[in-house]
Amino acid sequence: MLSIVIFGGTGDLARKKLFRSLYNLYSKRMLPQNTKIIGFARRDLNTDSYRQFVSDELSDDLDLKSEFLECFYYFQGDLHNEQSYLDLRTLLVGMDEQYKICASKLFYMSVRPELYADVFELLKKTNVLNTCNSEEGGTWSRLLIEKPFGTNFEHAKFLDERLGEVVSEDRIFRIDHYLAKEALENILVFRFKNVMFNGVWNREFISKISIRLFEKRGVEGRGEFYDEVGALRDVGQNHALQMLALVLMDRPLQFDGAHIRAEREQVLKTLRPYEFVPEYFERAQYEGYADHANVSSSETETYFRVTLQSEDERWQGVPFEIESGKAMSEDKAEIVIDFVDGNTMRFEIQPEARIAFSFNVKETGYDYSTTAKSFEFSYKEHEMFILDAYEKILYQAVAGDVTSFVSTVEVLEQWRIIDEILTQWKTLPLGSY
Ligand code: NAD
C-alpha cells in the first residue's frame with residue numbers, strides 16, 4: 001500500500017501534470033495496490049468535492065477514471081499551521097490502522113518555494129514524515145521537492161541544512177523534470193552505446209557546445225513569481241546546467257541512478273564562467289514585459305546568453321554557450337555540438353525529440369566539392385511513444401530510483417556557478433528585444 005500526499009493539491013502543477021501522470025501509472029497498474037492520494041490545500045473542499053475537482057481536470061474518455069478517482073482524499077490544512085501537520089499525521093496513521101498495514105509514504109511538495117523554509121521547520125517539529133516506516137521494515141517515506149530549490153547558493157545551503165534535519169539525503173528527491181525527458185536520457189545512450197563517439201568527445205574535436213531553451217510564451221500569469229527570479233535563475237540554474245552535465249560527463253561505471261548522478265556532480269564541479277567580456281554574456285528583457293508581469297518597472301532579464309568553461313583538461317578552451325528566453329520567435333529546446341571540421345550534432349528536445357548529425361558528403365559532379373547533409377533519428381518517425389516526464393518522475397520516486405533527481409551537491413554547484421555570473425553581470429546593460 002502507498003499513501004501519496006500532495007502538498008498543494010489544488011495548484012497549477014497538480015492540475016496540469018500530476019493528476020494525469022498518476023492516472024497513467026494507475027491505469028498501467030504501476031502504482032502499488034491500494035494507493036491513496038491525499039490532496040493537501042487550504043481551499044474549503046471535502047473528499048467528494050475534491051474528487052470532482054480532480055475529475056474536471058481529466059478527460060472523460062479515460063477507461064478507469066471513476067475507480068481512479070476513488071484513490072483521492074482531501075485534507076484541508078494550512079502549511080503555516082502546526083496543528084494541520086499533526087492532523088495530517090493522525091489521518092495517515094488512521095488509514096494505516098484501518099488496513100492494518102504500514103503504507104509507504106510519498107510526500108510531494110508542490111507549493112511555492114517561498115514556503116519551503118517554514119514547511120521544513122514544521123515538518124521537523126511534527127515529524128509527520130516519520131510514522132511507521134523503516135527501510136528494514138520494507139516500507140519507506142520519501143519527500144519529493146519541486147524546483148527551484150533556493151534563490152542563491154547561501155539560501156539553497158540554508159534550506160538544505162533545514163531539510164537535512166527533517167529527512168536524510170537518500171529520502172530526498174529534488175525534481176528537475178528535464179532529467180526525465182526521453183530525449184535527454186538518450187544523450188547518454190547515444191554517447192556511450194555507440195563506439196564511434198567516445199574518442200572524439202573532447203576539446204581536440206569539439207569546438208563549441210550550445211544549449212538553447214526558447215519559449216514563445218511570455219510571462220503571462222506568472223509575472224509576480226517571475227519578476228523575483230528572472231530567466232537565469234528560472235531555467236539556467238537547473239535545466240540548462242543539467243543538459244550540459246549530460247553532454248560533458250564521463251561514462252558512468254553502471255547505468256544506474258547513483259552512478260549517473262555521481263558523474264553529473266563531477267562535471268558541475270569543474271564549470272566556471274568564461275572570461276567576462278560582453279561577447280560572451282548578454283541579458284535582455286522583451287518589450288511589453290512590465291505590462292505582462294504587472295510591474296511598473298523592472299530590471300529582470302527575460303533573456304540571457306552566458307558562456308561557461310570547464311577546468312577539466314579534456315574540455316579546456318571549449319566555450320559552452322547557454323541561451324534562453326521568453327517571448328522568442330519559436331519554441332525550442334536543443335543542444336548543438338560543433339565539431340572542428342564543420343560537422344554538427346544536434347540533440348533536439350522540443351518541439352520534437354530528434355537527433356540530427358550533419359555529415360560532409362561529396363557533391364555529385366566532376367570534382368571533390370563537399371556539402372553538408374543531415375542524418376536523423378526522430379522518435380515520431382519511428383513511432384516511439386514518449387512518456388511524460390512527470391509520469392516518469394513519479395514512477396522513479398516510488399521505485400526509489402534517483403536518476404532523474406538532483407543531489408544536494410548538484411544543487412549547490414549549480415548555484416555556485418549562477419551566483420558567480422549574477423555578481424559579475426550586474427555591470428552589463430539590460431538589452432531589449
Ligand atoms: P500554485 O500556486 O498554483 O499552487 C500552490 C498550491 O499550494 C495550491 O494548491 C495552494 O492551495 C497551496 N498552498 C499555498 N499556500 C498554502 C498554505 N499556506 N497552506 C496550504 N496550502 C497552500 O503553484 P504551482 O504552479 O502548482 O507550483 C507548485 C510548485 O511546482 C512550485 O514549486 C513551482 O515552482 C513548481 N513547478 C510548477 C510548474 C507548473 O507548471 N505550474 C512547473 C514546474 C515546477
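The model is predicted, so local features need pLDDT of at least 70 and side-chain atom pairs count only at pLDDT 80 or more, while totals for chains, interfaces and linings use all residues. Residues are numbered from 1 along each chain as its sequence is written, and side-chain values use heavy atoms, with hydrogens and water left out.

Let's start with Arg354, which lies in strand β14 (residues 354-362); strands here are DSSP runs of E with at least two residues, and helices are runs of H or I with at least four, numbered from the N terminus. Arg354 has a relative accessible area of 19%, so Arg354 is buried (under 20% relative accessible area, with a 1.4 Å probe and protein chains only). Leaving aside residues up to four places away in sequence, Arg354 touches Arg346, Phe347, Glu348, Glu376, Phe377 and Ser378, where contact means heavy atoms within 4.5 Å. With one of these, Glu376, the Arg354 side chain makes a side-chain polar contact of 2.5 Å (a pair of N or O atoms within 3.5 Å, one able to donate a hydrogen and the other to accept it; residues adjacent in sequence count only if both atoms are side-chain atoms). Ala183 is 171 residues away along the chain, yet its C-alpha atom is 7.3 Å from that of Arg354.

Now turn to the helices. On the α4 side, Glu82, Tyr85, Leu86 and Arg89 meet Val119, Leu122, Leu123, Lys125 and Thr126 of α5.

Conventions
Buried means under 20% relative accessible area, exposed over 50%, partly exposed in between (1.4 Å probe, protein chains only).
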